[in-house]
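Visitor: I have a structure to look at and some questions about it. Please take them one at a time.

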Amino acid sequence: MTGNGLTLTIDLARWRRHLDDTAQAGPQIVPVAKGNGYGFGLERLAREAARLDVPAMAVGIASEVARVRDAFGGDIVVLSPWRPDNDDALDLARDERVISTISRAGDLAALASADSTPRVLVEVLTSMRRHGLDPKALAVPDGVRLEGWTIHLPLLEEGRYDEALRLGEAALKARRAPLWLSHLTQSEARALADDLGADVRLRLGTRLWLGDPGALRTTARVLDVHKVRRGERVGYRQRMMPTDGHLVILAGGTANGLGLEAPTAAASLRSRAISLATGSLEAAGLALSPYTIAGRKRWFAEPPHMQSSLVFLPGRTPPPAIGDEVGVQLRLTTATVDDVVEA
Ligand SMILES: *Cc1c(COP(=O)(O)O)cnc(C)c1O
């Protein structure tokens with residue numbers, strides 16, 4: 001028995017098979033661990049990156065380096081651009097194991113005057129127009145060690161490979177160094193390495209950690225169950241129950257990231273009109289929840305609370321027992337689970 005909240009259960013053998021296959025397919029992958037750690041937590045991802053025996057992993061921001069550096073012994077790339085006003089980033093730039101990302105020529109000059117020789121990736125401006133510079137115009141100063149060029153492409157497939165080719169070529173012309181890319185497929189990245197004769201590294205987050213959904217299961221504990229009658233009022237908002245049934249109180253709420261996605265009810269006026277016409281629960285003002293009970297997604301009786309949710313189970317469907325686990329669909333890039341367990 002695990003905790004009383006939301007649990008992510010990993011089929012460890014299957015998950016690791018996917019991680020291993022992905023790493024072996026090449027080119028050299030750079031596991032990305034940032035933010036909520038894709039639902040697993042940064043520390044666990046650092047341990048897996050170590051197990052994969054990759055030379056480098058990446059974190060999102062400077063303060064995340066401390067969360068992975070004990071478990072992972074290789075190089076740590078900080079993806080968000082280095083800025084002179086971030087004290088964390090300043091200290092980290094002196095760290096032999098840390099590779100900073102530079103997106104402005106002025107920042108490169110500032111780093112080059114440090115008392116050590118910081119390791120840097122220089123970010124090339126892509127059609128995303130987020131961060132980066134034009135490699136043509138850049139002279140890399142002696143005071144830094146250029147570990148490569150970084151190219152962060154948009155998610156769109158159309159034109160993506162051509163852009164990678166064009167920007168990669170321009171960067172290599174300015175200075176020969178590895179190309180670190182995101183959001184290419186692995187076969188595109190291998191093709192790019194061939195086409196440019198370059199050392200290509202592919203950063204992977206979602207497609208690595210969450211790439212085999214069958215290895216992962218998310219469940220919520222049933223905290224309480226009450227019989228309710230049609231017309232009876234429940235919850236903070238004292239909403240009226242549309243029929244007889246059960247109210248099931250489940251672990252998981254806004255603190256876990258539930259209800260952050262628009263609940264699917266009344267997506268359009270048309271669907272609202274249809275549900276009114278068919279007299280569905282949607283018409284009664286309820287929203288579909290991510291919880292599955294007796295084989296179906298069930299409706300929230302009201303918006304989720306901070307750490308629990310009220311779900312309505314209509315009619316004679318037998319309710320789960322207190323203490324049972326029911327399935328809950330979570331988007332693991334935004335959710336926070338209470339427990340991660342291995343199976
Ligand atoms: C977050 C991030 C990634 C990983 O993104 P996913 O979509 O989760 O694979 C790759 N590259 C950069 C620069 C990032 O910031």
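Visitor: How far does a polar side-chain atom of S182 lie from a nitrogen atom of the ligand?
Guide: This is a predicted model, and the value is computed from it. A polar contact is a pair of N or O atoms within 3.5 Å. The polar side-chain atom of S182 and the nitrogen atom of the ligand are separated by 2.6 Å.

Visitor: Which residue has a polar side-chain atom 2.7 Å from an oxygen atom of the ligand?
Guide: Y38 also has a polar side-chain atom by an oxygen atom of the ligand, but there the distance is 2.6 Å. The residue with the distance of 2.7 Å is T206.

Visitor: What share of the ligand's accessible area does the protein cover?
Guide: On its own, the ligand has 380 Å² of accessible area. The ligand sits in the largest pocket.

Visitor: How many residues of the shell around the ligand are polar?
Guide: The residues surrounding the ligand include V32, K34, H152 and G205. Gly counts as polar, Val as nonpolar and Lys as charged. In the shell, three residues are nonpolar and three are charged, while the number of polar ones is five.

Visitor: Is D195 buried or exposed?
Guide: D195 belongs to helix α7, which spans residues 186-196. A residue counts as exposed over 50% relative accessible area. D195 has a relative accessibility of 51%, so D195 is exposed.

Visitor: What distance separates the C-alpha atoms of D195 and L125?
Guide: Along the chain, D195 and L125 are 70 residues apart.

Conventions. Residues are numbered from 1 along each chain as its sequence is written. This is a predicted model: local features need pLDDT of at least 70, side-chain atom pairs count only at pLDDT 80 or more; totals for chains, interfaces and linings use all residues. Side-chain values use heavy atoms; hydrogens and water are left out. A residue is near a molecule or strand if one of its heavy atoms lies within 4 Å of it. A polar contact is a pair of N or O atoms within 3.5 Å; within protein, one must be able to donate a hydrogen and the other to accept it, and residues adjacent in sequence count only if both atoms are side-chain atoms. Accessible areas come from the Shrake-Rupley method with a 1.4 Å probe; for residues, only the protein chains shown count as cover. On a 1 Å grid over the protein atoms alone, a cavity is a set of points where a 1.4 Å probe fits but cannot get out, and a pocket is an open set with protein on both sides within 12 Å along at least five of seven lines; lining residues have an atom within 4 Å of a point. A molecule sits in a cavity or pocket if more than half of its atoms lie within 2 Å of its grid points. Helices (H or I, at least four residues) and strands (E, at least two) are DSSP runs, numbered from the N terminus. Buried means under 20% relative accessible area, exposed over 50%, partly exposed in between (1.4 Å probe, protein chains only).
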